[in-house]
Amino acid sequence: MHIVYPAVVAALLFSIGVYGVLARRNTILVLMSVELMLNAVNLNLVAFDVWLGDRLHSGQVLTLFVIVIAAAEVGLGLAIVLALYRNRRTVDIDHLRDLAEPPGDRPRPPGAHPDGRRERHDDEQPVQRGGGPR
Amino acid sequence: MTEAVPSYLSPTGQEIVFLLLGAVAVGSALLVVTTRQLVHAALWLVVCFGALAGGYLVLTAEFVAWVQVLIYVGAVVVLMLFGIMLTRAPIGRSADLDSGNRVVAAVVAVATAAILVTVVIDGFRTAYAPLTPGPGSARELGASVFATWVLPFEALSVLLLAALIGAIVLSRTDIPGGEPADPPDDLSRSTPPPDQTGGH
Amino acid sequence: MTTFPLLVVLLPFAAAFTGLLLSRWPHRRAALTNAHGQEEPAGHATGRAAGGTTRAAWIAILPTAAAAILAVSLAWVPGLAYFTGATAPPPTGQTYGTIGTGGIPISLVLQADALSSVIGVLVTLVALAVQVYSVGYLEDDPRYPSYSAFISLFTSAMLLVVYAGDLLVLYVGWEIMGLCSYLLIGHWWEDRGNSRAAVKAFLVTRLGDVGFLFGIFTLGTAAGSFRITDVLAKAPDMAPATLVTATMLLLAGVAGKSAQVPLHTWLPDAMAGPTPISALIHAATMVAAGIFIVARLFPAFLAAGPTLDVLAVLAALGMLGAALAALAQDDLKRVLAYSTVSQLAYMAGGLAAGSDVAAVFHLVTHGAFKALLFLCAGVVIHHVGSNLMTRMGGLRRELPITFVTMTIGFAALMGIPPTGGFFSKDGVLLAMDDALSTGVLTDAAALLLYGCALATVAVTGAYATRAWLRTFFGPPSAVALPEPEPGTAHVVDVREAPRSMLVPVILLAVPALLLGFAGEPHLDLGMAVVSVVLAALGAGLVYAFWRIDPVADPARLLGPLRVPCERAFYVDTLYAALLVRPVPALARLVVRTDDVLVDGAVRGSGRSARVLSGVLRLAQNGNVQLYVSGLLAGVLLIVVGAVMFT
């Protein structure tokens, strides 16, 4: 078995996961994309374990650990998503803009309105200021 | 290991099977990130994980393959489906599953793929591993885990416990100090706002 | 004896120093506790001021008196010799060391030769009279201590000019005088017009001083020394061009300080100061300094013919124009101010005609009678409460002593025979007559000068008579103001002025009357007859007009010329249009440039930084996916770099 095959498949899977993380709006889909990336890593681990012929099977054991951790991560992630949904009634990741710099926090110079050109992506700003994700 | 690399032009049966499974996995993964239906995405994820489990089997990692099927296909995806349902996501086609970041994401992903594939091909062109059954069996792996890797294994069990408690704490609403009553305007809004602009 | 010049200079200076520092000393605590200063109750202020005023008066008067005694003793022998033409004794004085400058050293010489000892007596005596007079004139003024201290400083500076044996030392005194004139003219600075007048005096004289300083430099470098004796000794050997340049530059300073034609406009405005200050400036210090400088460096001027021509023309224009302007003024002090300009032009004309002795003699007599006139005018103004002659009239019964003394002053001004002014004016006219034949001046300049001088004699008679009649004769129209305002003199109820004001007036009347007999009278009978007849002609004309209607202003005889004369031929207006207005316009331009260009660049950089940062803020929109995209893109770039460059 050429190692290039599983390696390329893993690379492609990882890139697809990257795209999903960056492009998907629904948080659960983002979590799925993260799983894709983890699986790409798993495939690499297994393939290189086979290639190196490790007697301790460190690659495969690590794969097992990753799977377990991924399961825990999905559990926690979904719990977070559910809490988010309870608080915000949405799980769309680009509606969660608490990290944005709040507009109007400093006096604007006359004639220059750098904030004026920015759209308000989020019409729920006052609520978001009230309670962050728990 | 680098000696006598067989030609790429005469693939063995194992390689053909692996490549087919890999193609299925990549294709279903693409569908996962591009489909317009949430539930379909979860189901395509099942296909992708199944194909990967087949790939593990071909790579003689049979125990990992079964664990993949059990945990990923059996548990994780089911969890996802529960999540989808609990967040009352639309079951049918929805047009707004992609955020406005799509073009940037595509560029970054394609660049990532190009670089990774280039580097991988460049680095492991001559790597070849003859496949012999046995080393990935449950027996071998179990011996290894409980002999060499027993300490990380125990640590992992503690981690699982922590994740369990964390999930419970996050999910329950009746823990004192954990969850204030929903603000009134939160209750007044039942669906996500029809904000389709996204973008920058 | 050799230290007398230094003592004469230092005594008033010490008085100024002491007066400024110590006159209010025990009251400082009270002044501090009463933090409102100017607004404190009037009774308290006068009570407090009275003690300080008395002490300040003694501090001011005693050193001036001592300086006057010393100056007289210095002048006893050489002063008389100056006028009689006898051989002057060598100057008394000392050199107090030299200051190395890397170039031409400055020698600290104070000496009294014939000329400076004469002027020194004039300065100290007039200053003493003014100091005594001020005690009565400003007795209620809360700022009297600083005022008297400034007069002392003024006197000291003028004496430094007089006794200095080095041009740069002289220049020091010259500049201090400019400062003091600013301080004293603006004594009642609460009125904006007064402080404006002070600034105007300062700036106009400063304009001339620039030329003066460069004239000193030119002379000094040409002679290789700043000592006046060295400069005068080298003057005949200098190149004519250098000499003309230097003297022309000096002439600018002279015109500024002595209020000659191009730069005379500050002097009438300087009437905003208290009347004793006008007396001091017009008679003894400041304006005398310019004439004194020309007399001091007279050999150098004599060698520079074109400068003398310019001086003659300026003097000719100045004396007639100023006399005509004096004829039309309603303000008594402005009449006297224009008369000063006219008389100074007389002296300048005498100098231009080549007779420094006549000019200096006229300077001395003019100092006496003009100080007398101003002090008398101060008494009148004090009594009436107004400067305007339309508010005066018939004062000869109310102020008999002042009437007599002021009549003497006006007679001296007109050149009526027994007075000092008659002799000195006669001498000047004689010198101008001689200049027609001796050829010191070019013929045209000499003719113009002589003609203008004769015409001025007539006009002088006219305006002196007019002021005299309008003040002391006719129906009384004086209405005392109910309350003194800042900037006007104070109203008193007594019928005649206080003794401290009358004594100096009477004492000054003596030299004004008799000074002509001090030296050997330079009397030319024909010239005397001509001048007296001319003066009588002007006086008679005015008297005739006045007889027709005693209430109306005799200035109406000027006819259509009256308004231009009253406005002093629009010189101020011309300056305002040519110089004063462009300067604020230029300043506004600079301000706008600063605002738009300089500040605009600063503000623009700030604004552009904000705009640019606004662009950057677009990235900070809270979208986590965008952040991760940026992160991954960065990692990719690093990876590409690592792959390609390793």
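## A tour of chains A, B and C

Start by selecting chains B and A: 104 residues of chain B are in contact with 78 residues of chain A, contact meaning heavy atoms within 4.5 Å. This is a predicted model, in which local features need pLDDT of at least 70, side-chain atom pairs count only at pLDDT 80 or more, and totals for chains, interfaces and linings use all residues. Residues are numbered from 1 along each chain as its sequence is written, chains are lettered from A and ligands numbered from 1 in the order in which they are written, and side-chain values use heavy atoms, with hydrogens and water left out.

**Stop 1: chain B against chain A**

The size of an interface is often given as the accessible area lost when the parts come together. Here, the area buried between chain B and chain A is about 8,400 Å². Buried area is the accessible area (1.4 Å probe) that two parts lose on being put together, summed over both. Carbon and sulfur atoms give 71% of it.

Now look for polar links. Between chain B and chain A, 20 residue pairs are in polar contact, both residues at pLDDT 80 or more. A polar contact is a pair of N or O atoms within 3.5 Å; within protein, one must be able to donate a hydrogen and the other to accept it, and residues adjacent in sequence count only if both atoms are side-chain atoms. The salt-bridge count between chain B and chain A is zero. A salt bridge needs a side-chain nitrogen of Lys or Arg within 4 Å of a carboxyl oxygen of Asp or Glu.

Colour the side of chain B that touches chain A by class: 64 nonpolar, 27 polar and 13 charged residues. Ala, Val, Leu, Ile, Met, Phe, Trp, Tyr, Cys and Pro count as nonpolar, Asp, Glu, Lys and Arg as charged, and the others, Gly among them, as polar.

**Stop 2: chain B against chain C**

Switch to chains B and C. Nine residues of chain B are in contact with eleven residues of chain C. About 750 Å² is buried between chain B and chain C, with 71% from carbon and sulfur atoms. Two residue pairs are in polar contact across the interface of chain B and chain C, both at pLDDT 80 or more. Zero salt bridges are found there. On the side of chain B that touches chain C, five residues are nonpolar, four polar and no residue is charged.

**Stop 3: helix pairs in chain C**

Helices (H or I, at least four residues) are DSSP runs, numbered from the N terminus. Axes are lines fitted to C-alpha atoms, for helices over the stretch in contact, and angles run from 0 to 180 degrees between N-to-C directions.

Select residues 167-185 (α6) and 192-223 (α7) of chain C. Their axes come within 8 Å and cross at roughly 170°. That makes α6(C) roughly antiparallel to α7(C) (over 145 degrees). Among the contact residues are C:W174 and C:Y182 of α6(C) and C:F202 and C:F212 of α7(C). The contact of α6(C) with α7(C) has 17 nonpolar, two polar and three charged residues.

Next, select α15 (residues 332-352) and α16 (residues 356-384) of chain C. The axes of α15(C) and α16(C) come within 9 Å and cross at roughly 175°. The two are therefore roughly antiparallel to each other. Residues in the contact include C:Y346 and C:M347 of α15(C) and C:F369 and C:F374 of α16(C).

Notes
Angles under 35 degrees count as roughly parallel, over 145 as roughly antiparallel, 65 to 115 as roughly perpendicular and the rest as oblique.
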